[in-house]
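Subject: Structure for your review

Dear colleague,

Please find below the structure that I promised to hand over to you. My notes on what was found in it follow directly after.

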Amino acid sequence: MAELLTLGISETKRKQFKIITYDLQDKSFVPLLLNKTDFFDKEGNVIWDLFAITKVENYKKPNKYLYEVEGQTQLVKYLTKSEMKDFFDERKIKAKRFFNSRKVYGIVQARAPIILHYPQRDQNGRLTHRIDMISGLDRYERILIKDYRWLSYWEKLPSSLYEEKIKKWETFFTESDKSIYLLFYRHTFSNGNQRAWIAGFHCI
C-alpha cells in the first residue's frame, strides 16, 4: 500500500477539489481530483486532510495530469508541525529555480515582507487572492493563491474588514518566527499555455 501525504487542497469548482499529495515511498507528487464526499469514508471518518498521511491500496494514472485511488483508503496519522517543517526543509527550492524550470511542483520557502493584495472576484464571481513574496534575493509580484483554507478565510470575512486583516497578517508574517512554505503548481491548459500558482500556503 502507498502512503500519501496531503500538501495542498484547491477547489476547482463547487464541491470539487484537487489535492496534491506526496508519495512517501516513491518520493513523487500525486495529484488527485476529489468530490467533497470523497474526503470521508462510509462511516463519516476523515480520510484526506492537510498534513495527514493517507494509506491507499493502489493508485493509477488514467490521464496525463491526475491520478485515481483504488481499493481501501484510510487516514493513518497526522504529522506534527515539527515533522512538516522538516519535510519542507528537506525538499525546498528557490522560486527562481522553479520558475526557470519545467517542474510541475515546487516547495518554496518565502520570507518577509509578504504583501497581500485585496481579495477580488473573478468573472465567475469566485474569490481570488494574490501576494507579493521574496525567495532568496528575488521578489515575485501578484502570485495567485488557490489554497482552499486561505481563500475560505477571506470568503467568510466582510470586505469592510479586508484592510484590517491584511495589515494584521502582513505584520504577523514580518514579526513571527514561523516559517512560510509555498507549494507551487504549474498548470498546463488545453491550449498548451502554462500558469503557476500557490496550491498550498503554509505558516509553520
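In what order do the five strands of the open sheet lie? The order is 3-2-1-4-5, and the pairing is antiparallel. Before going further, please note that this is a predicted model, and that what follows was computed from its atoms.

**The chain as a whole**

The chain holds four helices and 11 strands. Its C-alpha trace spans about 45 × 40 × 35 Å along the principal axes. A compact globule of 204 residues would have a radius of gyration near 17 Å, and the chain agrees with this because its own value is 17 Å.

As a reminder, the strands of a sheet pair through backbone hydrogen bonds, in either a parallel or an antiparallel sense. In the sheet with the order 3-2-1-4-5, the edges are formed by strand 3 and strand 5 (residues 68-78), each of which pairs on one side only. From one strand to the next, the twist averages 40 degrees.

Strand 3 (residues 28-35) is joined to strand 2 by eight bridges, and the two run antiparallel. Within this pair, Thr21 stands opposite Val30 of strand 3, while Asp23 has Ser28 of strand 3 as its bridge partner. The two strands form a hairpin with four residues between them. In its turn, Lys27 has a positive phi of about 55 degrees.

Further along the sheet, strand 1 and strand 4 run antiparallel and are joined by four bridges. One of the pairings here sets Ala2 against its bridge partner Val56 in strand 4. Strand 4 also pairs with strand 5, in the antiparallel sense and over eight bridges. In that pair, Ile53 stands opposite Lys77 of strand 5.

Which strands does helix 1 lie across? Helix 1 (residues 81-91) lies across strand 1, strand 2 and strand 5, and runs at about 85 degrees to strand 1.

**A second hairpin**

Strand 8 and strand 9 also pair in the antiparallel sense, over six bridges. Met133 has Tyr140 in strand 9 as its bridge partner. These two strands form a hairpin with two residues between them, and Gly136 in the turn has a positive phi of about 65 degrees.

**Two backbone details**

The peptide bond from Ala112 to Pro113 is cis, with omega near 0 degrees. Pro113 belongs to strand 6 (residues 105-116). Elsewhere, Phe51 has a positive phi near 65 degrees although Phe51 is not a glycine. Phe51 is found in the loop between strand 3 and strand 4.

**The pockets**

Empty space in a model can be found by rolling a probe the size of a water molecule over the atoms.

How much space lies in the largest pocket? The volume is about 1000 Å³. The lining of this pocket consists of 35 residues, and those nearest its centre are Glu11, Thr12, Lys13, Arg126 and Lys146. Several elements give two or more residues to this lining, namely strand 1 (2-13), strand 2 (16-23), strand 8 (127-135), strand 9 (138-145), helix 3 (148-155), strand 10 (180-188) and strand 11 (194-203). By class, the lining of the largest pocket has 14 nonpolar, eight polar and 13 charged residues.

The second largest pocket contains about 340 Å³ of space. It is lined by 13 residues, and the closest to its centre are Arg149, Trp169, Phe201, His202 and Cys203. Helix 3, helix 4 (162-175) and strand 11 each supply at least two residues of this lining. The lining of the second largest pocket divides into eight nonpolar residues, one polar residue and four charged residues.

With kind regards,

A colleague

How values were computed
Residues are numbered from 1 along each chain as its sequence is written. This is a predicted model: local features need pLDDT of at least 70, side-chain atom pairs count only at pLDDT 80 or more; totals for chains, interfaces and linings use all residues. Side-chain values use heavy atoms; hydrogens and water are left out. On a 1 Å grid over the protein atoms alone, a cavity is a set of points where a 1.4 Å probe fits but cannot get out, and a pocket is an open set with protein on both sides within 12 Å along at least five of seven lines; lining residues have an atom within 4 Å of a point. Grid points are joined across faces, edges and corners, and a volume is the space filled by probe spheres set on the points. Ala, Val, Leu, Ile, Met, Phe, Trp, Tyr, Cys and Pro count as nonpolar, Asp, Glu, Lys and Arg as charged, and the others, Gly among them, as polar. Two strands pair if DSSP finds at least two bridges between them. Axes are lines fitted to C-alpha atoms, for helices over the stretch in contact, and angles run from 0 to 180 degrees between N-to-C directions. Contact means heavy atoms within 4.5 Å. The radius of gyration is taken over C-alpha atoms; the globule rule is 2.2 Å times the number of residues to the power 0.38.
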